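Good morning, and thank you for making time for this item.

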Amino acid sequence: MKTLIGYHCSLERFTPLEHLNNIKVALANGFNGISCSDHFYPWSKRQGASIASWPWLGSAMNTVDLPFGVITSPTERCHPVIIAQYIATLASMYSGRLWVAFGSGQLLNEHITNRHWPVKSERNERLKEAIYIIRNLLQGKTVNYEGKYFQVYDTKLYTIPSIQPKLLVAALSKESAHELAECSDGIITVIKPLKEQQEFIYAYQQGGGNKESMYLQAIMAYDKDQKKAEYEAWYNWRHAVLGAKLQAEIRTPDDFDSAVESITPEQTNKVIRVSSDPNEHLEWLNEDKSCGFSQIYIQDVSNDQAETIKMYGKILLQQ
């Protein structure tokens with residue numbers, strides 16, 4: 001099975017136009033897909049962007065002729081009915097080119113509605129309800145649904161895509177991977193130590209997950225100067241050291257900046273792939289392929305995106 005290698009746009013960094021330019025560079029250098037985040041707030045004031053993913057996707061998908069994916073939470077900021085309408089519109093405009101991954105969300109982005117923030121088990125249950133509603137609406141059904149978290153009455157979409165987009169789940173823990181597997185067409189996760197990643201994949205497949213649709217968001221940093229790569233990874237993305245549980249519970253960019261104040265570059269290097277050596281990046285990529293990921297999206301947390309894209313372009317020529 002050939003692995004699709006894509007480029008990930010962190011919409012909490014850079015401007016919308018800079019991201020459009022980056023995906024053009026990615027296309028020119030052999031990348032075969034694009035994914036993006038869906039944040040209201042950046043992780044840090046240093047990142048400084050609040051790009052809305054859905055309008056950006058409409059422009060981006062018109063800019064380069066590649067498949068696109070977005071990782072979003074359809075449970076708090078936007079009702080699942082509205083998310084279904086967004087998906088149906090894009091999937092109808094760009095037939096066969098859209099996939100969507102649904103996660104249970106982070107307080108950082110979802111607190112803006114000022115509602116109660118549930119514990120993780122409740123967030124997963126809420127996500128299952130949302131996916132059920134979205135999937136039925138995308139199939140053209142009239143939805144009447146009385147759930148614990150959502151109530152939908154006499155609701156129908158009149159613009160339905162001719163090709164149904166894949167609806168994945170986004171999960172970081174093996175427990176969530178197992179629990180959410182059956183309600184999804186696939187899964188996306190992030191890099192982990194090899195043994196931990198294998199346990200994650202096993203839990204997902206034991207839960208009934210589709211092993212042919214496992215996607216990876218590969219967080220890395222590159223610069224020809226190793227120290228610069230390490231500094232930029234630390235400066236831009238040191239919140240990764242906090243881990244998934246804490247990241248889901250911190251409320252604002254100011255709170256994140258306070259939480260990571262004492263984190264060092266050495267700590268950041270343990271959770272982000274940082275190297276000035278293209279061969280090391282190639283080894284990491286091959287390790288990910290060996291795990292069975294069908295699509296891998298390179299997320300560069302250093303500053304010069306074009307330099308990293310071109311470096312990976314040379315790697316992709318070797319595949």
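The lining of the largest cavity consists of Ala218, Met220, Arg273, His281, Trp284, Leu285, Asp288, Ile296, Ile298 and Tyr312. A cavity here is a set of points, on a 1 Å grid over the protein atoms alone, where a 1.4 Å probe fits but cannot get out, and a lining residue has an atom within 4 Å of a point. β9, α12 (278-290) and β11 (295-300) are the elements that give two or more residues to this lining. Helices (H or I, at least four residues) and strands (E, at least two) are DSSP runs, numbered from the N terminus. The largest share, 4 residues, comes from α12. By class, the lining of the largest cavity divides into 7 nonpolar, 1 polar and 2 charged residues. In that division Ala, Val, Leu, Ile, Met, Phe, Trp, Tyr, Cys and Pro count as nonpolar, Asp, Glu, Lys and Arg as charged, and the others, Gly among them, as polar.

Before going further, two remarks on provenance. This is a predicted model, in which local features need pLDDT of at least 70 and side-chain atom pairs count only at pLDDT 80 or more, while totals for chains, interfaces and linings use all residues. Residues are numbered from 1 along each chain as its sequence is written, and side-chain values use heavy atoms, with hydrogens and water left out.

How much space lies in the largest cavity? The value is about 50 Å³, where a volume is the space filled by probe spheres set on the grid points, joined across faces, edges and corners. The search of the whole structure finds 2 cavities of 30 Å³ or more. The second largest cavity has a volume of about 30 Å³, and its lining is made up of Lys192, Leu194, Gln197, Arg273, Glu287, Asp288, Cys291 and Phe293. Two or more residues of that lining come from each of α7 (194-206) and α12. Its classes are 3 nonpolar, 1 polar and 4 charged.

Ala218 belongs to strand β9 (residues 214-221). Is Ala218 buried or exposed? Its relative accessible area is 4%, so Ala218 is buried; buried means under 20% relative accessible area, exposed over 50%, and partly exposed in between, with a 1.4 Å probe and protein chains only. Leaving aside residues up to four places away in sequence, Ala218 touches Ile191, Arg273, Asp288, Ile296, Tyr297, Ile298 and Gln299, a contact being heavy atoms within 4.5 Å. Ala218 and Asp288 are 70 residues apart along the chain, and their C-alpha atoms are separated by 8.7 Å.

I turn now to the nonpolar cores. A nonpolar core is a set of buried Ala, Val, Leu, Ile, Met, Phe, Trp, Tyr and Cys residues joined through side-chain atoms within 4.5 Å. The largest has 89 residues, and Ile23, Phe31, Trp56, Phe68, Ile87, Phe102 and Ile298 have the most contacts inside it. A second, separate core of 9 residues includes Trp99, Ala170, Tyr215 and Tyr297. In soluble globular proteins, nonpolar side chains tend to be buried together.

Two residues deserve attention for their backbone angles. Most residues other than glycine have a negative phi. Phe14, in the loop between β1 (4-9) and α1 (16-28), has a positive phi of about 70 degrees although it is not a glycine. Phe14 counts as partly exposed because its relative accessibility is 23%. Asp154, in strand β6 (residues 151-155), has a positive phi near 45 degrees. At a relative accessible area of 62%, Asp154 is exposed.

Finally, the chain as a whole. It has 13 helices and 11 strands, and 57% of its 319 residues count as buried. Of the contacts between residues at least 6 apart in sequence, 74% join residues at least 24 apart.

Methods. On a 1 Å grid over the protein atoms alone, a cavity is a set of points where a 1.4 Å probe fits but cannot get out, and a pocket is an open set with protein on both sides within 12 Å along at least five of seven lines; lining residues have an atom within 4 Å of a point.
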